[in-house]
Amino acid sequence: MKLYLGIVLLLLTAFAKGDDEKAKIILVKRILNDIITERNDLAIEYNLYNIGDGVATDVELADSSFHESDFELISGMTSVKWSRINAGSNVTHAVVVQPLRAGDFNFTSAVVQYVSEKGVDVTFGYSNEIGEQEILSLKEYNRLHASHMMEWGLFALWCMPSIDVPLLLYYLSKRKYSKKVKKN
Amino acid sequence: MAPKSSNFSKEEELLLQDFGRDLTRKSSLIFYMHAIVVSALPLWLFNRIHQMELTEHAILFAIGTLVSTYLVASAYKNNKFQLKHKVAQKRSDGVAAEINSQMAENDSKKVSKKEKDERILWRKNEVAEAESMQLAVVYSNSVFLILLILLSFFFFKSYSPMINYIISMIGASGITALLSTSSKN
């Protein structure tokens, strides 16, 4: 009897430990563009993964990298709140901005704060740091990536007299003297 | 180099003029006009595609165009010299036929064989001169433009526009001139 009671108490203790489960959030920040250009949309994605065993509550994401002097916010918000993120689940948030200036820019980390378990202080976490990326000017982007079909077409048209006119004159002369040989 | 001498006979001087590298004033003018046009054409590409302002880079463009003009004109001269003899051989029969038919039309005036041969030689030289000039221009222009496009838009695409222009223009015109100096026997 005492043995069975001991086993039951042990099992209850094991289950009671479930109440102390903590949430742990990993924040991943990603730039979705291959090329970042001045005055063109730049999409940034934030993925929050709760890899802990508990529910994360009062989750707040904030990214202060995109100051209004350097970027114009097109869609989404740079500060977002979620009331809870369950254990083992994830949420995604996207923001679209437009760089106002060309040049190198340092994309720093975003910050997430959340309550990992009841009665515990707020926990802070940081995303990965993307680092320095080049923002191309519109001029440079057009130089490297635009198709320039019209420019090539006009160039081909203007090259034609330099090549076709002498070639035509040569063939006219050649035909004239070939005919004379055939006549004789 | 043989010193200039007035001891050459008229025939020898004619032969030297016909088969030498020197160009007449008219031929030089034609060559330089073609060369300057073909050297100026890439400015459009560098202005519109590489986004180089004409006013901002005026001095660079002027120097590049002049250097390229000189090199391309040299290529014309060398190519024309190599092609002239081949063209003269091919047109020999046609020119002889032309002179014979002209003389047959004017059969009231008897012409000596020597005079007829001289006329054929003169006319052959004239035709070969014109055709070899035209062929030299076509060939050199094609080589120059192809090289320029390859250098500027493939090999050195990611270089800064100014460096790209210098390397492409000097490279394309230099290689065109260099290729023209090779002799094929």
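How much area is buried between chain A and chain B, and what percentage of it do carbon and sulfur atoms give? Keep that in mind as you load this predicted model; the tour comes back to it at the end.

**Stop one: a sheet in chain A.** Select S6, S4, S9 and S10 of chain A. These four strands make an open sheet, arranged S6-S4-S9-S10 with antiparallel pairing. Colour the edges next: S6 (79–85) and S10 (123–126) each have a single partner strand, so one side of each is left without a neighbour in the sheet. As you move across from one strand to the next, the twist averages 20°.

Now zoom in on S4(A), residues 56–62. Six bridges tie S4(A) to S6(A), and the two run antiparallel. For a landmark in this pair, pick Thr57(A): opposite it, in S6(A), stands Arg84(A).

**Stop two: two helices in chain B.** Select residues 58–105 for H4(B) and 113–155 for H5(B). Their axes come within 3 Å and cross at roughly 145°. The crossing is right-handed.

**Stop three: where the chains meet.** Show both chains together. Chain A brings 24 residues to the contact, and chain B brings 33. Here is the reply to the opening question: about 2,800 Å² is buried between chain A and chain B, with carbon and sulfur atoms giving 69% of that area. Two salt bridges are counted between the chains. To see one of them, select Arg48(B) and Glu151(A), whose closest N and O atoms are 3.3 Å apart.

Technical notes. Residues are numbered from 1 along each chain as its sequence is written. Chains are lettered from A and ligands numbered from 1 in the order in which they are written. This is a predicted model: local features need pLDDT of at least 70, side-chain atom pairs count only at pLDDT 80 or more; totals for chains, interfaces and linings use all residues. Side-chain values use heavy atoms; hydrogens and water are left out. Two strands pair if DSSP finds at least two bridges between them. Axes are lines fitted to C-alpha atoms, for helices over the stretch in contact, and angles run from 0 to 180 degrees between N-to-C directions. A crossing is left-handed if the near helix is turned anticlockwise from the far one by less than a right angle, and right-handed if clockwise. Contact means heavy atoms within 4.5 Å. Buried area is the accessible area (1.4 Å probe) that two parts lose on being put together, summed over both. A salt bridge is a side-chain nitrogen of Lys or Arg within 4 Å of a carboxyl oxygen of Asp or Glu.
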